[in-house]
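I opened my notebook today to look at how two chains meet. Here is what I looked up, entry by entry.

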Number of protein chains: 2
Amino acid sequence: MAIPLSPLELLERTWRGEYVDADSVRRFVRSWLSDGAPDSQMAAWCAIAQARGLDRESTQGLMAALIGSGERLDLASLGATGDLHSTGGVGDNASLVAVPLAAALGVRVAKMSRRGLGHWGGTIDKLEAIPGYRTTLELGEFIGQVQRVGCAVIAHNPRLVPGDGRLTSLREATGTVANRDLIAASVMSKALAGGATALALEVTWGDGAACGTLEQAQRTAELMQWLAVGWEREVRTIVTAIREPLGRMIGNALEVREASDVLRGGGPADLRRVAARIAGELAEAAGVVAAGEGVTRAEVALADGSGLAMAERWVEAQGGNPAVWSTPAVLAIAPVGVPALADRDGVVESIDARAIGESVRRLGAGRLHPSQQVDHAVGIELMAKVGETVTSGAPIAMIHARDASLGDNCATEILAAVHVGVRAGAGDAATTARD
Amino acid sequence: MAIPLSPLELLERTWRGEYVDADSVRRFVRSWLSDGAPDSQMAAWCAIAQARGLDRESTQGLMAALIGSGERLDLASLGATGDLHSTGGVGDNASLVAVPLAAALGVRVAKMSRRGLGHWGGTIDKLEAIPGYRTTLELGEFIGQVQRVGCAVIAHNPRLVPGDGRLTSLREATGTVANRDLIAASVMSKALAGGATALALEVTWGDGAACGTLEQAQRTAELMQWLAVGWEREVRTIVTAIREPLGRMIGNALEVREASDVLRGGGPADLRRVAARIAGELAEAAGVVAAGEGVTRAEVALADGSGLAMAERWVEAQGGNPAVWSTPAVLAIAPVGVPALADRDGVVESIDARAIGESVRRLGAGRLHPSQQVDHAVGIELMAKVGETVTSGAPIAMIHARDASLGDNCATEILAAVHVGVRAGAGDAATTARD
């Protein structure tokens, strides 16, 4: 393209569905980041992306502008390094388990993460529920801990892809956080700038996730692989269904508690499976375990306590109370417990993960506007998941709330989101799904 | 709604396609106008509107916020008052003729207008091509001229619907000027705040217009009628096809010249017909001519020179050179004339009005970014319209350009936009379409 497109020309071409090359998108985003194009133009572009999706080249152009907005880490001196990212989903706390598990297998895990977007929480919000845990480290301290301890997880450092922070704020303000192409560009900009040579990328799908369908998740996984071409990384994508919330707990401190159950060899089967898969794939990608053995080795590390030991060293190194994994009582819990009581006998046929996520967000566990403080102590425990039996008058869920009124509202919403069918002979299914 | 929606909640509901009541939209837009919500949120909302359309209640909420952002004129003392608006289209200069024509029939025409958006010019851009014409009058002066002379056309006064000016700037910057629901809200906010009791609203359709199809134009016309319910106005909607540019001239001074042809009893048949229809409907709506007689009376006013006489009084009262209507040579014309020559014999089968509009915009007649100055002297004259014969080597159009390079580019684009078919026996069609 001889003459660069003006921001308005680029927007008009995008509106008309005409081809725009990656470099023009990169220039447009860079122009916005350097205050050459106003927020309104970037917001409109994100909105078109959200309404219609982006093509690969536009996604690549966005990613390139984000990476180019800051520094890139060089972790070559650390040996087998790994990083993991997820497109996110309701109750998805698998990273809290997968990080120490992969580190226990010998991967140097260097992960940066963000706070929560939309109707699901972020890993950093969850870690901030751990008393004393420092989510902010200088880059040197961060790399030092990865080398010394085996892993570190910090809030995203603004020297890397600072443009993504600005873009995230804009997307939060404009309701454009859930588009999978924008998510792919954002995730890959962080993963590639982060410098780890092995990447495990979880792509979630279902009502409570960025991708609505399995096919969309597979396409997004392929897109992420494509975006990494030329960067000399070993990329594994893990496609996870989040048709109901992952695990049984939704809320920041509650999800840390649930992660501790898994690290101690128990916890919900679905969460354990996803965490072992991510850690195992990352260990294979990093070359520290043989191909095909990653998941088994991760499960052994859960069973023999080596994952737990690594989790304790990790949290302690980062200033947190390592007892969080063995004594969950050190975590805050909201003052009011309200049970959501089943109004019939039956079997849970489906759980609307999005509705659960929105309800927990309104309880205070997430943000309705970007500057809002998250309440780490609130959330819900699901007593019944899909396929399990419920009894009239018994709790389907326990709500942990700041006050009774918020708890009662949430209980009503949870009952509406858990669909109980009156079926005979569902006992087997219930047994199978129970962890 | 007990608790007003936050801007982000409103955006998220709109993204999900959920119902949002008119008052919530009104509050959201008002919040943006009073700097309570950032440009990015309003830009995202406009982009959703552009991508998917608005429902009636959201359109009404937007209109209400725009009207409520300023004062409303009271023209009750003037008698039969009228105002006219168009959704705009390439080469649509019908207002320049319809205003003095309706005034000649006895309607007190009080019209405010904007500069051009997107790929078509605005009435004010065209009037500014008239030497001396003052597009800015104080409101008292404006009303005084309507009463004394019979009509006045000024640039939109910021005391009325100032919010629409801000919204227009945002839409211009974000490529969201062409959505018909946003246009309907904007047009109706100006028409209702303007205070005239009779309204003639031209809704254009075709590739060069806001509505792509006749059905969309009819729905937009119905929407505008619905938005006026409760406001005690007599509203006439005129649906006009702009499948090829209206008339033969596109460009600001050229369109004034073409309007003068019509006012002197000649000019292109399509433009004359549309202008007479708008003026006639407005005169009927204002009650100054009997029902069913409006168009005939307007045509008589073209034939007997009373429309021309009114046009001269109008322009003179507003400081312009009244000779503009009888001596078009007082209008500026660009220094370079480049003919676009047909490369075959044949009949014009179609003309891509949008492509013509974009080409003339690039020539300088319109704006590529909002602060750009319009060049009044440039534009094109079409020598052949749909159904007319062309001869190889003879001009299809004459381009009036600032320099030869711009003119040559435009000629190439015009040839691509005028589709010439090689048909035998098309002489009749050509004769019929010729004015």
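I began with one charged pair: the side chains of A:Glu12 and B:Arg361 form a salt bridge at 3.4 Å, N to O. For this I required a side-chain nitrogen of Lys or Arg within 4 Å of a carboxyl oxygen of Asp or Glu. My count between chain B and chain A came to 4 salt bridges.

A note on ground rules: this is a predicted model, where local features need pLDDT of at least 70, side-chain atom pairs count only at pLDDT 80 or more, and totals for chains, interfaces and linings use all residues. Residues are numbered from 1 along each chain as its sequence is written, chains are lettered from A in the order in which they are written, and side-chain values use heavy atoms, with hydrogens and water left out.

Next I counted contacts (heavy atoms within 4.5 Å): 23 residues of chain B touch 23 residues of chain A.

Then I looked up the buried area, meaning the accessible area (1.4 Å probe) that two parts lose on being put together, summed over both. Chain B and chain A bury about 2000 Å² between them, with 63% from carbon and sulfur atoms. I was pleased to find three names to remember: B:Leu8, B:Trp15 and B:Ser40 supply 27% of the area that chain B buries against chain A, more than any other three residues.

Last, I checked the domain assignment of chain A (bounds from an automatic or database assignment). I noted domain 1 (7-68), domain 2 (76-329) and domain 3 (336-432). The centres of domain 1 and domain 3 of chain A, taken over C-alpha atoms, are 40 Å apart.
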